[in-house]
Amino acid sequence: MRDHLYLVLFTIHFSTGCFLSSEQKTSEITGYTGGSVVLPCSCADPQSTANTFTWQFYRRRQWVQVFDDEKYSGRRVLFNESSPKNLSLLISGLRMEDEGFYKCTTEEHIISSILLKVKGCDLVENTVSTTVVTGYSGESVVLPCFCTELLAKPEKIQWMMYLENTYEEIYPNENIESHKDRVKLLNQTTPGNLSLHISALAAEHGGVYTCSVSSKRVSYILHVEDVFIVLAVILSVPLLALLPFIYWRYRGGRNVKKMTSDEELNGEQDNRDDVMYSAVVHVKTASTPAQIESNPAEHTEYASVKVKR
């Protein structure tokens, strides 16, 4: 008797079908272009399942079946196969056109409504019309470009270079031979980072570049300098700073040498001045008659005497 009662209650329980956990309520969910979003829908009772249910999107004043619309082809996934009470819808590769009202409906016509908002990529504009970036030959450079929403991936991104009076695409199509296998985006972890990395720089890579998303763009002027010239300039700066010191030392050495030479000359002159000649000896000859006078100057000899001071 008790077993029959449990069976009746079990049948009644499942005959009620799936009552949605958020029935008659509209929730709001935000997604980003290029990303994925889950629109939740589930049975309130974990023991119940939905025999039939649908997902619909409101477009042009009418409700359209999501699984009948080609625009969702390859981008929609349901969870009820692995979890029968989970009727949620996963939409990947979000686009701006996916924004709008969605509803999940069961066979009992119980509705769960969701407003999906999709944020796209608006470029962060330069504070000046054109920004100058300097790179060095043989090295790498990054030309920055960002979405205002870093989680938003643009549906289309182009990097162009102005060459021979026209713009040539270098990403995603490398139409310029000099840029092939040298450019890539830095958005592996952040979809909104559209910065361009250029490796193995050469002089021919210098020029005007633009990052374009939809109708917006940012521009850069890339200057490529020869690293050897830069090193020569850097190394010459300390030498130029030392030139006044070297000149001062040179002039100081000349002055010291001149002073030394002048002192030596003055010393020699003093030595010469110390030698004085004076009459110190008178030589007498044989006696002569008194009436004959000799000239004393004729018999005077001079001897040098060094006078010490």
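Reader: Let's start with Asp-98: is Asp-98 buried or exposed?

Author: The general idea is to look at relative accessible area, where anything under 20% counts as buried. Asp-98 comes out at 0%, so it is buried. Keep in mind that we're looking at a predicted model here.

Reader: Strand S7 came up just now. Which sheet order includes S7?

Author: To read a sheet, follow the strand order from one side to the other. Here you get S1-S8-S7-S3-S4, an open sheet of 5 strands with mixed pairing.

Reader: Which strands stand at the edges, and why is one side of each left without a neighbour?

Author: Strand S1 (26-32) and strand S4 (62-65) are the edge strands; each has a single partner strand, so one side of each has no neighbour in the sheet.

Reader: How many bridges link S3 and S7?

Author: There are 5 bridges, and strand S3 (residues 53-59) pairs with S7 in the antiparallel sense. To see a spot in that pairing, find Phe-53, which stands opposite Thr-106 in S7.

Reader: Now the inside. How many residues does the largest nonpolar core have?

Author: It has 24, and Trp-159, Leu-194, Leu-196, Ile-198 and Tyr-209 are the ones with the most contacts inside it. Elements giving two or more residues to this core include strand S11 (158-163), strand S14 (196-198) and strand S15 (207-213).

Reader: What is Ile-198 in contact with, leaving aside its neighbours within four places in sequence?

Author: Among its contacts are Val-141, Leu-143, Val-183, Tyr-209 and Leu-222. There's also a second, separate core of 23 residues, which includes Val-66, Leu-87, Leu-94 and Ile-110.

Reader: What average pLDDT does the protein have?

Author: The average is 77, and 66% of the residues score at least 70. Over residues 1-15 the pLDDT is below 50, and beyond near neighbours in sequence that stretch has 6 contacts in the model. Residues 274-300 are also below 50, with 28 contacts beyond near neighbours in sequence.

Conventions
Residues are numbered from 1 along each chain as its sequence is written. This is a predicted model: local features need pLDDT of at least 70, side-chain atom pairs count only at pLDDT 80 or more; totals for chains, interfaces and linings use all residues. Side-chain values use heavy atoms; hydrogens and water are left out. pLDDT is the predictor's confidence in each residue, from 0 to 100. Contact means heavy atoms within 4.5 Å. Buried means under 20% relative accessible area, exposed over 50%, partly exposed in between (1.4 Å probe, protein chains only). A nonpolar core is a set of buried Ala, Val, Leu, Ile, Met, Phe, Trp, Tyr and Cys residues joined through side-chain atoms within 4.5 Å. Helices (H or I, at least four residues) and strands (E, at least two) are DSSP runs, numbered from the N terminus. Two strands pair if DSSP finds at least two bridges between them.
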